[in-house]
Amino acid sequence: AFLPVLDNLQRAAAAESKDPDFKKGVEMTLKGYQELLDKYSEDVSAGSDVLGKNAKVRKSYELQQLCADLYYEKGMELWGDEYDIVLAGGSINTRSPNHIPAGDVTYIQLMPILPFDNQLSLAKISGFDLKRIFQNPKYTYYLSPEHQNLFSTIENSKYYYIVTDRYSSAYSPNNMQEIAILNDEIYARDLLAEYIKKGGLE
């Protein structure tokens, strides 16, 4: 099923489109598929291995929130001993088909839903910018258990540590200072894949 999808994406990317955002989305998804094919060039079937089972349909908003939770878990594992991390998340967006159906789940299924290769990062941000960015409904976040009242107690001039991805932390208008970057090839879809392997979504 993988190669026909790749062929269809290549055709869509080559076709004329009046919507530049749509064309960009197709091209980014195609790039992700091509990278996956390169990754499994010796054994493409590895991407079709069943990671685990999903008990019910998981829609976009649920997957985005789950990714924010997983950002926090990974960030705490990497940097939690040294930094007081108040939240994790970012502009986490899914792409078509925007859901995981019930049943067996494979990595290839996750690829088009979370196609972006955004590295995880630890960032420092002012309270003012933290409120400005993460109270925007386009952003999804998980609050640290120790900071559940963060947005009612936040100080504009104080600096806070968050776990996000480089799509958010490297975007200059967000005014984030990157403290550390996870350079391994571990992206949102990989965190989700590991979660499913451990029995998540049952």
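Beyond its neighbours within four places in sequence, S168 contacts G90, S91, Y139, N174 and M176, contact meaning heavy atoms within 4.5 Å.

## Basis of the model

The model is predicted: local features need pLDDT of at least 70, side-chain atom pairs count only at pLDDT 80 or more, and totals for chains, interfaces and linings use all residues. Residues are numbered from 1 along each chain as its sequence is written, and side-chain values use heavy atoms, without hydrogens and water.

Helices (H or I, at least four residues) and strands (E, at least two) are DSSP runs numbered from the N terminus.

## The sheet

Five strands form an open sheet with mixed pairing, in the order β7-β3-β8-β6-β9; a pair requires at least two DSSP bridges. β7 (140-143) and β9 (177-181) each have a single partner strand, so one side of each lacks a neighbour in the sheet.

Strands β3 (residues 85-90) and β8 (residues 159-165) run parallel and are joined by three bridges. I85 has Y161 of β8 as its bridge partner.

## Helices α3 and α8

The axes of α3 (residues 60-79) and α8 (residues 188-197) come within 10 Å and cross at roughly 85 degrees. Axes are lines fitted to C-alpha atoms, for helices over the stretch in contact, with angles from 0 to 180 degrees between N-to-C directions. The two helices are therefore roughly perpendicular (65 to 115 degrees; under 35 is roughly parallel, over 145 roughly antiparallel, the rest oblique).
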